[in-house]
Amino acid sequence: MDIKKVAVIGGGTMGNGIAHVFAMNGFKVNLIETQQEFADRAISTITKNLDRMVSKEKIDEAKRNDSLANISVHLDIADGVKEADLVVEAVPENLDIKKTVWQAIDKSAPGHAILGSNTSSISITKLAASTNRPEKFIGMHFFNPVPVMKLVEIVRGLETDDATYTAVEETSKKLNKIPVPVNDFPGFVSNRVLMPMINEAIFCVHEGVATAESVDEVMKLGMAHPMGPLRLADFIGLDVCLDILNVLYEGFKDSKYRPCPLLVKMVDAGKLGNKTGEGFYKY
Ligand code: 3HC
């Protein structure tokens with residue numbers, strides 16, 4: 001199936017990055033937000049990131065302008081998805097919100113449209129069941145910052161059919177990304193491996209093994225990670241890390257995924273990382 005028109009639902013950190021890469025690779029993108037103010041913020045972030053790519057000579061001015069021209073903003077799901085070949089949902093990691101959004105998408109997207117969720121850990125099979133086309137439903141999991149990270153983790157739900165998988169695999173390649181197939185289990189592969197590492201790093205601080213700075217230095221200098229696990233947790237959002245750990249903990253009923261009490265306390269205090277100006281570091 002030839003995907004040309006894409007609807008991206010949600011213009012937050014992940015949604016604006018996803019819209020950016022589709023638009024930059026020639027797809028027509030409808031970016032759907034709930035309020036004009038949020039949509040304006042998303043477009044201004046995309047513009048800033050495209051400008052940075054121009055200044056680093058990764059793209060030229062014409063490509064920047066074409067990319068922006070490929071994006072149109074919509075404030076209504078029905079209107080935004082009605083001609084889409086592919087819908088990518090990147091709304092907050094909350095099952096009830098996602099289900100409501102998917103029911104609205106399912107009502108208005110064309111019958112041939114593929115439905116992809118950028119969820120970082122919620123069951124694809126469960127989200128697919130809130131639509132009438134679970135065979136066309138798939139996980140399309142991008143990584144932050146989306147314009148930079150090469151991976152798309154493609155998650156097959158219980159009923160995802162081969163045609164859907166192949167179309168999403170081919171589309172990911174057209175975005176200059178590398179698709180990696182995984183099956184639908186809590187946290188998929190990425191967050192099942194990443195989050196226990198971040199949680200253990202938080203336990204090191206919690207138990208006084210080392211400061212946040214020292215934990216990060218160990219992992220950067222000793223393991224060649226581009227950023228330490230605590231800086232990365234701030235970058236992802238401590239609330240997002242906690243939500244994902246809870247999905248792992250509930251999903252496997254295994255205490256090895258229990259969130260560190262320090263993480264819970266920081267989220268309770270509203271110290272969520274970069275987005276609130278403070279987490280393990282101040283921004
Ligand atoms: N858009 C476009 N380009 C961007 C960008 C953006 N939003 N953010 C960074 N860049 C580019 C920069 O222009 C720079 O390009 P250059 O190499 O040509 O100079 C390059 O990325 C590196 O950026 P910086 O020089 O500003 O900074 P760093 O070298 O410190 O790299 C980083 C920043 C790319 C974020 C790097 O630290 C990194 O890779 N960190 C790990 C990120 C990671 O692990 N992400 C996954 C998070 S998990 C996730 O998303 C899944 C979810 O489910 C939780």
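Visitor: Which residues does Met219 touch, not counting residues up to four places away in sequence?
Guide: In this predicted model, Met219 is found in helix α9. At 16% relative accessibility, Met219 counts as buried, because buried means under 20% relative accessible area. Leaving out residues up to four places away in sequence, the residues that Met219 touches are Met197, Ala224, His225 and Pro229.

Visitor: Is Ala224 buried or exposed?
Guide: Ala224, which Met219 touches, is found in the loop between α9 and α10. Its phi is positive although Ala224 is a residue other than glycine, with a value near 60°. The relative accessible area of Ala224 is 66%, and because exposed means over 50%, Ala224 is exposed.

Visitor: Which helices do the buried residues of α10 pack against?
Guide: Helix α10 covers residues 229-236, and its buried residues are Pro229, Leu230, Leu232, Ala233 and Asp234. Pro229 is also touched by Met219, a residue of helix α9. The helices against which the buried residues of α10 pack are α8 (190-206), α9 (212-223) and α11 (238-252).

Visitor: Which residue follows α10, and what is its phi near?
Guide: Helix α10 is made of residues 229-236, and the residue that follows is a glycine with a positive phi. That residue is Gly237, with phi near 110°.

Visitor: Which residues come nearest to the ligand?
Guide: There are 18 residues around the ligand.

Visitor: How many Å separate a nitrogen atom of the ligand from a polar backbone atom of Asn144?
Guide: Pro145 itself has its place in the loop between β6 (137-141) and β7 (151-156). From a polar backbone atom of Asn144 to a nitrogen atom of the ligand, the distance is 2.8 Å.

Visitor: Is Glu57 buried or exposed?
Guide: Glu57 is found in the loop between α2 and α3 (61-69), and its phi is near 60°, a positive value in a residue other than glycine. Its relative accessibility is 72%, so Glu57 counts as exposed.

Visitor: Which residues does Thr47 touch, not counting residues up to four places away in sequence?
Guide: Thr47 is found in helix α2, which covers residues 36-55. With a relative accessibility of 19%, Thr47 counts as buried, since the limit is under 20%. Apart from residues up to four places away in sequence, Thr47 touches Arg64 and Leu68.

Visitor: What is the relative accessibility of Ser117?
Guide: Ser117 has its place in strand β5 (residues 114-117). Not counting residues up to four places away in sequence, Ser117 touches several residues, including Glu89, Trp102, Phe137 and His141. Ser117 counts as buried, and its relative accessibility is 0%.

Visitor: How many Å apart in space are Val91 and Gly11, C-alpha to C-alpha?
Guide: Val91 lies in the loop between β4 (86-89) and α5 (95-108), and is buried, with a relative accessible area of 13%. Leaving aside neighbours within four places in sequence, Val91 is in contact with Ile9, Ile97, Lys98 and Val101. Val91 and Gly11 are 80 residues apart in sequence, and in space their C-alpha distance is 8.1 Å.

Visitor: Which residues lie nearest the centre of the second largest pocket?
Guide: About 160 Å³ of space lies in the second largest pocket, and its lining has six nonpolar, four polar and five charged residues. At least two residues of this lining come from each of β1 (5-9), β2 (28-32) and α4 (77-81). Of the 15 lining residues, those nearest the centre are Lys5, Lys28, Val29, Asn30 and Glu83.

Key:
Residues are numbered from 1 along each chain as its sequence is written. This is a predicted model: local features need pLDDT of at least 70, side-chain atom pairs count only at pLDDT 80 or more; totals for chains, interfaces and linings use all residues. Side-chain values use heavy atoms; hydrogens and water are left out. On a 1 Å grid over the protein atoms alone, a cavity is a set of points where a 1.4 Å probe fits but cannot get out, and a pocket is an open set with protein on both sides within 12 Å along at least five of seven lines; lining residues have an atom within 4 Å of a point. Grid points are joined across faces, edges and corners, and a volume is the space filled by probe spheres set on the points. Helices (H or I, at least four residues) and strands (E, at least two) are DSSP runs, numbered from the N terminus. Ala, Val, Leu, Ile, Met, Phe, Trp, Tyr, Cys and Pro count as nonpolar, Asp, Glu, Lys and Arg as charged, and the others, Gly among them, as polar. Buried means under 20% relative accessible area, exposed over 50%, partly exposed in between (1.4 Å probe, protein chains only). Contact means heavy atoms within 4.5 Å. A residue is near a molecule or strand if one of its heavy atoms lies within 4 Å of it. A polar contact is a pair of N or O atoms within 3.5 Å; within protein, one must be able to donate a hydrogen and the other to accept it, and residues adjacent in sequence count only if both atoms are side-chain atoms.
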